[in-house]
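I opened my notebook to look up a few features of one structure. My entries follow the display below.

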Amino acid sequence: MRRITASIVTATLLLGIGTAKAATAPTTHPTHPATTTGHDRQLREATPEPIQFRHGNIACSPQLAAVAGWPPKTWRKLGQIILRESGGCPARRGGDKVDKNCNVTGHDGSNHRSDTGLLQINGVNYDKTRNKWALVCTANIACSQEPLLEPLTNLRAGLALFKAAGWDPWTPSTWGG
């Protein structure tokens with residue numbers, strides 16, 4: 001446990017995306033082997049402690065990225081994208097205005113409400129009524145907006161997009177229109 005916490009803190013400091021405050025490492029929860037499947041146990045052991053999200057603070061990004069499966073070499077750029085796309089607020093939808101505690105306080109009037117969560121995953125990537133090849137849906141991650149408001153689901157969806165197209169989904173110069 002100390003090694004994981006030390007690694008997260010070291011990565012956070014080296015990448016310049018956090019402060020010296022230690023991130024909480026995923027914790028293990030005691031389970032009875034006769035009543036828990038290996039998959040359930042693995043999910044429980046990988047579940048991080050609750051995170052307090054604050055606008056502009058992405059100190060938890062390496063911890064979440066690790067649990068979601070992102071390679072450590074991507075964490076710095078991933079953190080930059082999270083800051084640009086959502087400000088680090090996981091329940092943010094396109095155009096939402098938020099306060100310092102990530103509470104939605106209004107909307108800016110824009111028409112991109114399908115953009116969702118930390119990485120602002122666009123509806124064409126999860127909604128099969130908009131795109132019959134919607135990668136996030138066909139990968140069985142999410143086929144609607146609501147699940148993507150959960151940070152780990154959003155990061156897993158982003159990882160699927162990253163594996164398919166690199167950073168292009170978040171590069172404005174590659175967007176059509």
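**Entry 1: cysteines and disulfides**

I looked up Cys102 and found it buried, with a relative accessible area of 12%. Buried means under 20% relative accessible area, exposed means over 50%, and partly exposed is in between, using a 1.4 Å probe and protein chains only. I noted that this is a predicted model, where local features need pLDDT of at least 70, side-chain atom pairs count only at pLDDT 80 or more, and totals for chains, interfaces and linings use all residues. Residues are numbered from 1 along each chain as its sequence is written, and side-chain values use heavy atoms, with hydrogens and water left out.

Next I asked which cysteine forms a disulfide with Cys102. The partner is Cys89, and the two sulfur atoms are 2.2 Å apart. A disulfide here is a pair of cysteine sulfur atoms within 2.5 Å. The link of Cys89 and Cys102 is left-handed, with -70° about the S-S bond. Cys89 sits in the loop between α4 and β1, and Cys102 in the loop between β1 and β2, so the pair ties together parts that are 13 residues apart in sequence. Helices (H or I, at least four residues) and strands (E, at least two) are DSSP runs, numbered from the N terminus. I also checked Cys89, which is buried at a relative accessible area of 1%.

How many disulfides does a search of the whole structure find? I found two. The other entry on my list joins Cys137 to Cys143, S to S 1.9 Å. Its torsion about the S-S bond is about 90°, so the disulfide of Cys137 and Cys143 is right-handed. Cys137 is buried at 7% relative accessibility, whereas Cys143 is partly exposed at 45%. I numbered the bonded cysteines of the protein chain in sequence order and read the pairing as 1-2, 3-4.

Then I turned to Cys60. Cys60 is buried, with a relative accessible area of 12%.

**Entry 2: salt bridges**

I reminded myself that side chains of opposite charge can pair when their charged atoms come close. I counted a salt bridge when a side-chain nitrogen of Lys or Arg was within 4 Å of a carboxyl oxygen of Asp or Glu. The structure holds three salt bridges.

Arg113 pairs with Asp96, and their closest N and O atoms are 2.4 Å apart. Arg113 lies in the loop between β2 (104-107) and α5, while Asp96 is in strand β1, so this pair ties together parts that are 17 residues apart in sequence. I found Arg113 partly exposed, at 36% relative accessibility. Asp96 is buried at 8%.

Arg93 forms a salt bridge with Glu146, with 2.8 Å between the closest N and O atoms. I placed Arg93 in the loop between α4 (75-86) and β1 (96-98), and Glu146 in the loop between α5 (135-138) and α6 (151-165), so the pair ties together parts that are 53 residues apart in sequence.

Arg84 and Glu85 also meet through their side chains, at 3.1 Å from N to O. Arg84 is partly exposed, with a relative accessible area of 49%.

**Entry 3: helix α3**

Is helix α3 mostly covered or mostly open? I found α3 (residues 61-68) mostly covered, with seven of its eight residues buried. Among them are Pro62, Leu64 and Val67. Gly69 follows α3, and its phi is positive, near 100°.
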